[in-house]
Amino acid sequence: MAIRINGTDVQAPSDPRVSLLDLLREELHLTGTKKGCNQGACGACTVLVDGERVVSCLALAVQYEGCEITTIEGLSKEGALHPLQEAFVEHDGFQCGYCTPGQICSAIGMAAEAKRGVPSHVTDDLSTDTIVLTHDELRERMSGNLCRCGAYNGIVAAITETFVEAGE
Amino acid sequence: MSILEQAKQAAQGAAQSVIQKAVELAPESWLPGGKPDPLIHQKHGLIGKPVSRIDGPLKVQGKATFAAEFPMDGLLYASVAFSTVPKGRIASLDTSAAEAAPGVVLVMTYRNAPRMKPMPVFMSNAKAAGGDNLPVMQDDRIHWNGQPVALVLAETQEQADHAKSLIRVTYEAEPATTRFVEAKAQNTQPGLFMGQPMKQEIGDAEAALAAAPVKVDVTYTTPRHNHNAIEPHAATIVWQGDELLVHDASQAVTHTAWSLSEVFGIEESQVHVTSPYVGGGFGSKSLWQHQVLGAAAAKLTGRPVRIALSREGVYRMTGGRTLTEQRMAIGAAQDGRFEAIIHTGTVAMTHHNAMPEPFILPTRSAYAARTFKLDVEVTYLDMIANTFMRAPGESVGTFALESAVDEVAVALGMDPVALRMVNEPSEDPTEKKPFSSRNIVEAYRTGAERFGWTKRNPVPGSVRDGEWQVGMGVATSTYPYHRMPGGAARLTLTRDGRMKVEIAAHEMGMGTSTAQTQVTADRFGLQLDQVDFAYGDSFLPGQVLAGGSQQTASIGASVVAAQHAMVAELLKLAGNDSPLAGLRADEVGGMEGGLAKLDEPGRHETYASILSRAQRDEVAVVGSAPPPLETMHWSMHSWGAMFCEVRVNSVTGEVRVSRFLGSFDCGRILNAKTASSQFRGGIIMGLGMALMEETQFDERNGRIMNPSLAEYHVPVHLDVPEIDVMWTDIADPHAPMGARGIGEIGITGVGAAVANAIYNATGKRIRDLPITLDKLM
């Protein structure tokens, strides 16, 4: 069985030690997904696996046969940026740009989690079905994605504009 | 650093002080910056506009190519083994299992590494970029815990990492100095910064302090810090015959190229360093041993090498900010005027670098005082060479200075903003030079108003919200204007009316390429999309360090010089048939896609017209920036007022920064959007320094204990509130574009603003960073 990456089938690597991240970066040259710590602490390598966010450095590639992977390269359609990518540019949600693909993929997965009613550490009512992405909810849920340049305000503004104000 | 090198630095320093005297006395018109950049008066252009980053679309799509992302055929992957003792020699080294492991092409140790010279250590030469000047895998000596002892090259990273785990090394350890207190007791020496002594006395500060009616005399301490750029250090390296190509993550491409040529004994022109995108630098991305080792291994195997340091590798192989212990004493009269400022103390350094964290720098120019005593003493440890990290000196120095000012305000029963205004100097208080531009009073006034400073209850511990204690604090931030020698730029104007700027500068996220595109467009009367800005390549003109917040000024002065050459050339080409005929270069400026007489814009000819009449496809010129004498004539600094509101949990000691405002006076702001990000980014790193950041150093064996982003805490989304920034936008008449650099000032003053707010909230004065929960329990 193949791994489907941005709509293209890819064979799983023969070396079972290869992480999903290294498969993307070193074998497929999809270097948009970044390696910041290789130990799940920074979130720079976040990709979407069947729509859920995963830190690809802690994921062995061979585990993802039959799965649908979306990386930053798979977000823009026919050359047009994803609305969240547009919003990141508009709100200056980055400086160096290294954590950016992870922030963007993470935010897309995060918005879907909120939509499904998954509670977070700051959710008051754990039994609620509707999560409102307040400033605190959003920041708590994005706290696994580090940005050392400190573009957090811009990132939050971009996510808010795309997923909260737009009512997605 | 050797005694010889110290002597050399001191001699350079002495020569410099002679020049300095002459420049101080020189008439302003003779100096760079003596005549204001004409752009300062141009109010309707692109400068200052919140233009989105021109490389933004690339970055948000993951299409910007970083150092470890250059594809090459036959690429080998490196993995590095580190020493586990701080000092001694390698007793045995067994690499046989690693060599036999699948995919391994080379195991390099001191036994088979090519002969190389040490890296020229930063500041030993204008182009030196090395973090240390130790032998790089040349012998069995160990100088720090974490020193590379072996490097494996294999066909894949997995194979290299596995093979590295099979290397067996034993050591003959020798007694090492790894405890700060012991080292300090053995020996300290006065620190030299950029060749100049930091020790300075004006009047008898100790006597003035003793006699002062109000005084504070305390010790502040700050720990080691690591930059932790999210992109770990990496390089993709290949030898093409005798020529070395390094795709690096660098804030010093020209310096790195020259330094590598010294290491390998080849010509500077044989080393090509590129660095189009850098995933954060903050002072860390210079030349460390990994590029040297990668190039050496590439040489031995004849194949391209990618050396991408692990996060642990970044901590083991590249230095961070060192620790400081600062005595800060202020004596004040009853009206608040400072009688004495004493700022002295000790920092740890190594014998193989030259970076005594210069924490006294902010104290030199911040306040008027009758007497001063400043000194940074250095003690030597067996540890990885410490280095420059965002606002070296000012970041940690302002924590002591600005906390102490707050303590004086408390002792006087005076508002801390008012106390600062009382001590506002009319000229630089220690250098006795005029300020080029200083509007800190304005920054305080507007900042205080916007923040609602008057609502602060001055009585500590008096504002509560449930179990949270709420407080406000304020501190001054400051960072100097620098412009280093060696700036140069090439301008190429083509017949289609496009201008290309080429300069060996850097983009680490500061927004340089965007801001400089705006500036160039305004200089030449062009649209944004008619300007190309090429950078990040050592083969381009200029030697432009992305450090000391000087890049903006360095590029600015280089482009101004090139512009003069370009205009002169164009006037020559325009000839007698042009409306510009007979005009001198200083009478014309760029307007509406061409040149025009400044006071008679009707006399105008487009670039396209000039070039086409002259039958030229393009005109190219190179201009070199004049030596940076302006900093010797004027005291040039940026200023800011940092306002902070914290909430401290009275049960857990948890600190939450609920509001923050930075009000800056940094000259003219070139791009409101990217500048805001620079300010906020600095402030956020300052919040990290205040509340959580610490490189934990095991004093028993000199090993860094938390070499990971899981255990070295940096601010995350939830730690960071909405950060408000504002600026005076008052142009500095003596700086190119009227702008002073803004990359580092944001981190300064933040530690004190937070600490002062915590004091106001709780009545607890914490003088040891970071202010963790345990210190407030």
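UniProt positions are given here in the numbering used for this model, with feature names shortened, and annotations may be inferred rather than shown by experiment. With that in mind, an unreviewed UniProt entry annotates residues 61–175 of chain B as "domain: Aldehyde oxidase/xanthine dehydrogenase a/b hammerhead". This is a predicted model, in which local features need pLDDT of at least 70 and side-chain atom pairs count only at pLDDT 80 or more, while totals for chains, interfaces and linings use all residues. Residues are numbered from 1 along each chain as its sequence is written, and chains are lettered from A and ligands numbered from 1 in the order in which they are written.

**Chain A as a whole**

- Chain A has five helices and five strands, taken as DSSP runs numbered from the N terminus (helices H or I, at least four residues; strands E, at least two).
- Reading from the N terminus, the elements follow the order β-β-α-β-β-β-α-α-α-α.

**Helix α3 of chain A**

- Helix α3 (residues 100–115) of chain A reaches 22 Å from first to last C-alpha, close to the 22 Å expected for its 16 residues, where the expected span is 1.5 Å times one less than the number of residues.
- Most of α3(A) is covered, with 13 of its 16 residues buried.
- After α3(A) comes A:Gly117, with a positive phi near 85 degrees.

**The hammerhead region and a sheet in chain B**

- Residues 61–175 of chain B are 11% helix and 30% strand, with end C-alpha atoms 52 Å apart.
- Elsewhere to look: chain B has an open, mixed sheet of five strands in the order β19-β20-β28-β29-β32, where strands pair if DSSP finds at least two bridges between them.
- β19 (464–465) and β32 (723–727) of chain B each have a single partner strand, so one side of each lacks a neighbour in the sheet.
- β19(B) runs antiparallel to β20 (residues 468–480) of chain B, joined by two bridges; B:Asp465 has B:Trp468 as its bridge partner.

**The largest nonpolar core**

- Among the 294 residues of this core, B:Val152, B:Leu153, B:Ala340 and B:Val754 touch the most other members; a nonpolar core is a set of buried Ala, Val, Leu, Ile, Met, Phe, Trp, Tyr and Cys residues joined through C-beta atoms within 7 Å.
- Helix α15 (residues 551–574) of chain B gives the largest share, 12 residues.

How values were computed: A residue is buried if 20 or more other C-beta atoms lie within 10 Å of its own, exposed if 12 or fewer, and partly exposed in between; C-beta atoms are placed from the backbone.
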